[in-house]
Amino acid sequence: MSVKAGLKLLGGFDFIYEDGRLTLPLAAQRLLAFLALQHDGVQRAVAAEHLWPDCDPSRAGANLRSALCQARRSRTAAVIESAGSRLHLAPSVRVDLHEIWAQARTLAERSAPLPEAPDMIVEALGRELLPGWTDDWLALERERWNQMRVHALESLAQRLHDERQYLAALEAALVAVAVDPIRETAQRILIEVHVAEGNVACAVRRYQEYQSFLRRELGVSPSPKMMKIVQELGVPAASPHDRGRSTAVREPRPGIGSVHARSRRQASGQPG
């Protein structure tokens with residue numbers, strides 16, 4: 001039996017069934033989301049263990065049965081399929097993560113033409129996977145999603161830069177930076193776009209901000225490849241804070257008040 005249903009995981013959980021939005025109990029939401037991330041299905045015992053890691057196996061199994069009943073009671077009988085001891089999300093259920101992931105892969109691999117509306121895919125790639133959910137089983141899935149989307153955004157930004165679509169390139173690179181501010185590739189694309197547009201000051205400022213961020217967070221410097229871009233603009237790649245910095249401790253220079261006080265002591269015959 002085919003169902004007309006959609007599951008939204010990016011930017012928050014949402015479930016659409018027969019053209020209507022359904023509010024599901026939290027246990028049913030977690031079960032549907034977990035199954036959506038298991039492309040080959042999952043054993044019931046494994047699902048119970050991951051969804052209720054703090055419970056003993058019997059209690060976790062009971063919780064799983066309860067979540068299944070909740071999901072099926074909400075007019076979604078055909079959304080979850082069972083084959084023996086394995087559970088699957090019905091193949092007919094559309095999952096936004098699966099669809100955007102496929103687009104992201106083509107962008108990362110450059111196996112398709114540039115999208116006609118890059119802002120739409122950039123907006124989709126900017127969404128987090130189930131933000132606010134703290135389940136341990138989501139950690140690896142979030143990392144996989146973040147790696148995929150940041151590679152897709154960087155590839156898209158570089159191609160847009162090469163096509164001189166600078167505003168769209170900036171938007172894609174900025175979203176990539178928001179996903180992973182430490183990663184250098186998107187930062188470098190931002191600098192290259194500023195240079196291409198003739199905005200040297202913006203390019204230098206972006207470099208200096210990134211340089212300061214790396215020093216503060218990791219104690220490292222940008223790569224020689226990024227430094228070279230800035231040096232070719234005629235600007236030293238090292239910040240003023242780094243140049244000529246000495247480790248010697250200097251005695252503080254006396255202020256005006258201390259000079260006047262010493263003069264008064266000398267005039268009264270006191271030692272200076």
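Rings of Phe, Tyr and Trp (its six-membered ring) count as a pair if their centres lie within 6.5 Å, and planes over 60 degrees apart make the pair edge-to-face. By this rule, this predicted model has four aromatic pairs.

**Stop 1: an aromatic pair.** Select Phe34 and Trp137, which form an edge-to-face pair. Their ring centres are 5.2 Å apart, with 85° between the planes. Phe34 lies in helix 1 and Trp137 in the loop between helix 5 (118-125) and helix 6 (138-162), so the pair ties together parts 103 residues apart in sequence. Phe34 is buried, at 3% relative accessible area. Trp137 is buried as well, at 9%.

**Stop 2: helix 3.** Now select residues 57-73, the 17 residues of helix 3. At 1.5 Å a residue, the helix should span 24 Å; the end C-alpha atoms are 24 Å apart, which agrees. Colour its buried residues: Ala60, Gly61, Ala62, Asn63, Leu64, Ala67, Leu68, Gln70 and Ala71. What covers them? The cover includes helix 1 (26-36), helix 2 (44-51), strand 5 (80-83) and strand 6 (86-89).

**Stop 3: Ala71.** Stay in helix 3 and pick Ala71. Its relative accessibility is 3%, under the 20% cut-off, so Ala71 counts as buried.

**Stop 4: the surface.** Show Ile182, Leu218 and Val220, which make a nonpolar surface patch of about 240 Å². Ile182 sits in the loop between helix 7 (166-179) and helix 8 (184-196). At 38% relative accessibility, Ile182 counts as partly exposed.

Technical notes:
Residues numbered from 1 in each chain as written. Predicted model: local features only at pLDDT ≥ 70, side-chain atom pairs only at ≥ 80, totals over all residues. Heavy atoms only, no water. Helix = DSSP H or I, 4+ residues; strand = E, 2+ residues; numbered from the N terminus. Expected span 1.5 Å × (residues − 1). Buried < 20%, exposed > 50% of the residue type's maximum accessible area, 1.4 Å probe, protein only. Contact = heavy atoms within 4.5 Å. Patch = residues over 30% accessible without salt bridge, like charges linked within 9 Å, V, L, I, M, F, W, Y side chains within 5 Å. Areas by Shrake-Rupley, 256 points an atom, 1.4 Å probe, with all protein chains shown as cover. Salt bridge = Lys/Arg side-chain N within 4 Å of Asp/Glu carboxyl O. Phe/Tyr/Trp six-rings, centres within 6.5 Å; stacked < 30°, edge-to-face > 60°.
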